[in-house]
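Trainee: I'd like to learn how to read a model like this one. Could we go through it together?

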Amino acid sequence: MTYVILTDTHFGVKQNSITWLNSQMDFIYKQFIPYIKSLNDEVTVVHLGDVFDSRSSISTYVGSKVVKAFKDIRDVCSEFIIVAGNHDFYSPNSDEVDSITLLLGHLDLTIVTKDILIKNGDAFISWYKYGEELPAEFKGRIFTHADIVTSPIPEHYKGLQIYSGHMHIPYIDDNIGKFNLGSCYALNFADSNDHRGFYIINTKHGGWKFVANVFSISFWRLYDEDIYDEYILHGLKDWDYV
């Protein structure tokens with residue numbers, strides 16, 4: 001089986017900008033779905049949280065586009081699991097109301113909000129439940145939405161591979177099994193000069209692979225020598241935001 005993982009899509013970003021939404025959907029339809037179709041394996045898509053950008057309100061237009069996109073993703077994979085992030089709950093202090101269940105709950109998706117899901121030997125833990133105990137014999141991977149970059153790993157999670165979203169800039173330490181994957185989109189200038197994208201895990205052979213998002217808006221920070229080299233010496237390049 002192959003996991004295809006994306007996280008922190010933040011649909012509705014930039015005050016529900018249609019330009020940004022179209023750019024995000026280009027990635028889904030021109031790259032993400034075709035890539036899944038190209039895999040000769042049983043594919044489980046995993047979204048590690050923050051599907052939408054706003055906790056309290058979602059544009060009906062944005063919502064309708066995301067519902068269709070997630071349905072289309074589900075049509076090309078064996079299973080689609082969403083692990084709720086902090087932006088997916090109406091309140092940061094409660095899991096009583098979440099946008100992904102309200103908007104996507106009618107689709108054939110597995111949505112993890114309240115209870116930890118253990119499936120295929122791996123654990124799927126929402127942002128709200130991160131840190132809770134796992135069975136003593138658990139030896140699988142953890143898929144979650146939590147700050148694993150600046151916050152200490154819970155003692156009972158140490159020694160396990162942890163894949164997370166939440167922090168938008170990727171931080172990966174393969175030696176200790178810490179995989180903060182970052183957003184699959186460049187969202188602001190903090191994401192400049194670096195590719196964002198999605199990740200592949202082959203559960204039979206182990207290891208992981210990064211696939212760069214080549215369709216969405218990106219940011220590039222250029223200095224004087226960069227501008228001279230790229231614009232004057234080599235001709236104008238197709239930058240999005242500089």
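Trainee: What radius of gyration would a compact globule with 242 residues have, and what does the protein have?

Mentor: First, this is a predicted model, where local features need pLDDT of at least 70, side-chain atom pairs count only at pLDDT 80 or more, and totals for chains, interfaces and linings use all residues. Residues are numbered from 1 along each chain as its sequence is written, and side-chain values use heavy atoms, with hydrogens and water left out. The radius of gyration is taken over C-alpha atoms, and the globule rule is 2.2 Å times the number of residues to the power 0.38. For 242 residues that rule gives a value near 18 Å, and the protein agrees because it has 18 Å.

Trainee: How many helices and strands does the protein have?

Mentor: Helices (H or I, at least four residues) and strands (E, at least two) are DSSP runs, numbered from the N terminus. Here there are five helices and 12 strands.

Trainee: Which residues touch the most other members of the largest nonpolar core?

Mentor: In soluble globular proteins, nonpolar side chains tend to be buried together. A nonpolar core is a set of buried Ala, Val, Leu, Ile, Met, Phe, Trp, Tyr and Cys residues joined through side-chain atoms within 4.5 Å; buried means under 20% relative accessible area, exposed over 50%, partly exposed in between (1.4 Å probe, protein chains only). In the 41-residue core, Phe-11, Phe-32, Val-45, Phe-70, Ile-73 and Phe-198 touch the most other members. Helix 2 gives the most to this core, with nine residues.

Trainee: Is Tyr-223 buried, partly exposed or exposed?

Mentor: Tyr-223 has 49% relative accessibility, so it counts as partly exposed. Tyr-223 sits in the loop between strand 12 (208-212) and helix 5 (224-233).

Trainee: What is the volume of the second largest pocket?

Mentor: Rolling a probe the size of a water molecule over the atoms shows where empty space is left. On a 1 Å grid over the protein atoms alone, using a 1.4 Å probe, a pocket is an open set of points with protein on both sides within 12 Å along at least five of seven lines; lining residues have an atom within 4 Å of a point. Grid points are joined across faces, edges and corners, and a volume is the space filled by probe spheres set on the points. This pocket's volume is about 160 Å³. Among its 15 lining residues, Ser-56, Ile-58, Ser-99, Leu-102 and Leu-103 are the closest to its centre. Helix 4 gives the most to the lining, with three residues.
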